[in-house]
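Visitor: Please pick one part of this model and take me through it closely. Then link it to what surrounds it.

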Amino acid sequence: MRSDQIKLFEGRAVLSLDGLRALIDALRQQGRRVIGPTVADGAIVYDDILEIADLPRGVADRQEAGRYQLASRDDGALFGYAVGPQSWKKFLHKPLLRLWRAERRGNDVTVEAEAPEPEHVAFLGVRACELNAIAIQDRVLMGGDYVDPHYKAQRDGAFIIAVNCGEAGGTCFCVSMKAGPKAERGFDLALTELISGGAHEFLVETGSPAGAELLAALPSRRAEPEDMDAAATVVARAAASMGRYMPEDDVPALLMRNLQHARWEETAKRCLSCANCTMVCPTCFCTSVEEHNDLAGVESSRTRRWDSCFTMDYSYIHGGSVRPGVASRYRQWMTHKLATWHEQFDTSGCVGCGRCITWCPVAIDITEETRAISESEKAQGGLDGES
């Protein structure tokens, strides 16, 4: 392939629906498992994509605090939804993972660590907020002295195809978090769906050498200025239609000044401590380990599973739980996500995807809670609830 055929990090082209089919086929021919949005159980979920027909054509979602419902679109869009309850964390930082197993044979005991099993995958339809969430998990699980080998094995082999948002969901606030709606980095290819005048196409941008090489092999046409203008309009429309926003305050400082604010107890009266918000969050990474032993005392194993700071047991140490009350657990989650995460990882732990709002059974809204503390403090001249 000639070097002038691949303009790394600068290439743009336009794919038709047939071109998108060719993209899926090319990824599968590389031996990759293609995973993308599908419709199942009344929601958008990520699953295997064998052909373009598996994508959610003409499907939208309607999201508000504590509410999620699929709806129909009349334009046949393949990516006309916001985000569903699942995130790509499910495939990179697996919900359940055996770490090691031991077996006793007479007086001898053998212990075998579970070897990482990387999967050759391609993620199709990754939103900008989700790209930022993956980058945060990269920082947490691969960026320090201690690297999670299982996460790294999955992450290193992933080919990522982003999709820029054309319409925000009712609980989205990625603009407030500077995490969307346009994919800026962290992808191999990025698509913007363009539907106009009977044409159904995708502006494609390259973000890596691997992405540029794959794009060069696909049937496509050159991207014209009007295509790029149309794509910019799509993203601008999504940015202007955010369903929520985070206050413009210095949120970390605001929350840490108000650790004793009455709002924590007020919210705790509604909170079920069900952990839905942490389970759907694309950046939460808390886990616990469990020991398993057979009745014969021959085999043992240790398994890691997702856990949540909302559970009583998560902060249990000898003598009891560090955070026995719902208010303290909610405060821990929210202040970690929006404040102390900055101290640990130099970034916020929130990307504004809105999942925690949509999937909270009692419709607790992280943006509303932050705004309530901010407005209360301003009303009291900056002194309300200082700790």
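Guide: Buried here means under 20% relative accessible area; exposed means over 50%, and partly exposed is anything in between (1.4 Å probe, protein chains only). Helices (H or I, at least four residues) and strands (E, at least two) are DSSP runs, numbered from the N terminus. This is a predicted model, in which local features need pLDDT of at least 70, side-chain atom pairs count only at pLDDT 80 or more, and totals for chains, interfaces and linings use all residues. Residues are numbered from 1 along each chain as its sequence is written, and side-chain values use heavy atoms, with hydrogens and water left out.

The part is helix H12, residues 366-379. It has 14 residues. From first C-alpha to last it reaches 20 Å, close to the 20 Å expected at 1.5 Å a residue. That expected span is 1.5 Å times one less than the number of residues. Just after H12, Gly 381 takes a positive phi of about 70°.

Now its buried residues. They are Ile 366, Thr 367, Glu 369, Thr 370, Ala 372, Ile 373, Ser 374, Ser 376 and Glu 377. Their packing partners are four helices: H7 (251-257), H8 (263-268), H10 (326-345) and H11 (355-358). A contact means heavy atoms within 4.5 Å.

Glu 377 deserves a stop. Its relative accessibility is 6%, so it counts as buried. It forms a salt bridge with Arg 257, the closest N and O atoms being 2.7 Å apart. A salt bridge puts a side-chain nitrogen of Lys or Arg within 4 Å of a carboxyl oxygen of Asp or Glu. Glu 377 lies in H12 and Arg 257 in H7, so the pair ties together parts 120 residues apart in sequence. Arg 257 is partly exposed, at 33% relative accessible area.

The structure holds 27 salt bridges. One of them joins the side chains of Glu 64 and Arg 244, at 3.2 Å from N to O. Glu 64 sits in strand E4 (residues 59-64), Arg 244 in the loop between H6 and H7, 180 residues apart. Glu 64 is partly exposed at 35% relative accessible area, whereas Arg 244 counts as buried at 16%.

Strands pair if DSSP finds at least two bridges between them. E1 (residues 12-16) and E11 (residues 199-206) pair in the antiparallel sense over five bridges. Val 14 has Leu 203 of E11 as its bridge partner.

Last, confidence. pLDDT is the predictor's confidence in each residue, from 0 to 100. The chain averages 93, and 96% of the residues score at least 70. Over residues 1-9, pLDDT stays under 50. Where pLDDT is low, the predicted coordinates should not be read in detail.
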